[in-house]
Amino acid sequence: MFSLLKTRSKARKPAPPEMRTLNVAGRLMPLTIKQHDRATRITLRIEPGGRALKMTVPKGLATREVNAFLDRHQGWLLTKLAKFSTDTGLRDGGEILLRGVSHRIQHSGSLRGLTEAVSMDGMPVLRVSGMPEHVGRRIAAFLKKEARADLARLAMMHAATIRAPIRSISMKDTRSRWGSCSSEGNLSFSWRIVMAPPSVIDYLAAHEVAHLKEMNHGPRFWALCGKLCPGMDEAKSWLKRHGSQLHAIDFD
């Protein structure tokens with residue numbers, strides 16, 4: 001009697017993404033090209049904020065076909081990227097949103113001091129100290145601090161309503177999502193949300209807290225989220241319309 005020996009072929013690792021820089025009418029854009037076994041066509045996506053591109057292609061697609069696709073879609077990219085301004089305006093006299101209100105940036109001229117939101121002649125102003133070239137970074141640090149204060153307060157309030165414990169709250173600068181909730185009760189938020197109106201900030205806090213009870217996006221989750229945040233639909237609509245603009249701001 002002979003036994004048949006079967007050899008198992010090792011599973012092939014997926015090809016690593018190809019990283020490129022694409023010139024779109026003089027605008028240099030980071031481009032990630034990823035092969036996918038199940039892809040049947042080429043898809044090209046602008047990442048949130050309009051600062052990078054992501055391309056998915058069928059496995060084994062020839063480079064010349066990838067290049068031809070990119071050449072054909074230069075006009076489409078140019079049109080779509082036009083809404084993302086390359087001028088951040090993060091300088092003396094520029095403007096930045098804080099809780100949905102546009103604040104004029106005023107560089108104090110002092111190398112030391114706190115960044116603070118004040119009212120001058122009835123107008124909202126964000127006073128920033130330090131070196132002029134560091135204005136963006138100092139504003140980012142201020143927004144992170146304000147976001148943490150707002151989201152911690154709102155998250156704890158919503159968690160108390162549904163009697164769910166929160167293990168930790170952290171601030172991140174994620175581009176693919178505004179927040180997350182782990183099964184252990186760790187909440188994470190994008191600090192950029194503090195530029196949105198208060199109702200939108202509240203919705204994000206309610207959304208992630210609702211995941212403490214419902215780790216999904218099913219009907220019971222949305223019902224709970226709507227109970228915690230009655231203005232949920234309007235807030236979701238605002239994020240859909242304006243979220244990319246918040247991601248597009250380069251604080252560095």
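Predicted model: local features only at pLDDT ≥ 70, side-chain atom pairs only at ≥ 80, totals over all residues.

Residues are numbered from 1 along each chain as its sequence is written, and side-chain values use heavy atoms, with hydrogens and water left out.

First, the pocket. On a 1 Å grid over the protein atoms alone, a pocket is an open set of points with protein on both sides within 12 Å along at least five of seven lines, where a cavity would be a set where a 1.4 Å probe fits but cannot get out; lining residues have an atom within 4 Å of a point. Points are joined across faces, edges and corners, and the volume is the space filled by probe spheres set on them.

The second largest pocket holds about 220 Å³ of space. It has 17 lining residues, and those closest to its centre are Pro48, Trp178, Gly243, Ser244 and His247. Two or more lining residues come from each of β3 (43-46) and α6 (232-248). Which element gives the most to this lining? That is α6, with five residues. By class, the lining has five nonpolar, six polar and six charged residues; Ala, Val, Leu, Ile, Met, Phe, Trp, Tyr, Cys and Pro count as nonpolar, Asp, Glu, Lys and Arg as charged, and the others, Gly among them, as polar.

Next, the salt bridges. I count one when a side-chain nitrogen of Lys or Arg is within 4 Å of a carboxyl oxygen of Asp or Glu. The structure holds seven. For burial, buried means under 20% relative accessible area, exposed over 50%, and partly exposed in between, with a 1.4 Å probe and protein chains only.

Arg99 pairs with Glu146, with 2.7 Å between the closest N and O atoms. Arg99 is partly exposed at 26%, whereas Glu146 is buried at 17%. Asp150 joins Arg99 and Glu146 in a network of salt bridges.

Arg192 and Asp173 meet at 2.6 Å, N to O. Both sit in loops, Arg192 between β11 (186-190) and α4 (198-210) and Asp173 between β9 (168-172) and β10 (179-181), so the pair ties together parts 19 residues apart in sequence. Arg192 is buried, at 1%, and Asp173 is partly exposed, at 34%.

A polar atom of the His103 side chain lies 2.9 Å from the backbone oxygen of Val101. Contact means heavy atoms within 4.5 Å. Beyond four places in sequence, the contacts of His103 include Gly94, Glu95, Pro124 and Leu126.

Met29 is in strand β2 (residues 27-36) and is buried at 3%. Its contacts beyond four places in sequence include Arg20, Leu22, Leu53 and Leu81.

Note on methods. Helix = DSSP H or I, 4+ residues; strand = E, 2+ residues; numbered from the N terminus. Polar contact = N/O pair within 3.5 Å; in protein donor to acceptor, adjacent residues only side chain to side chain.
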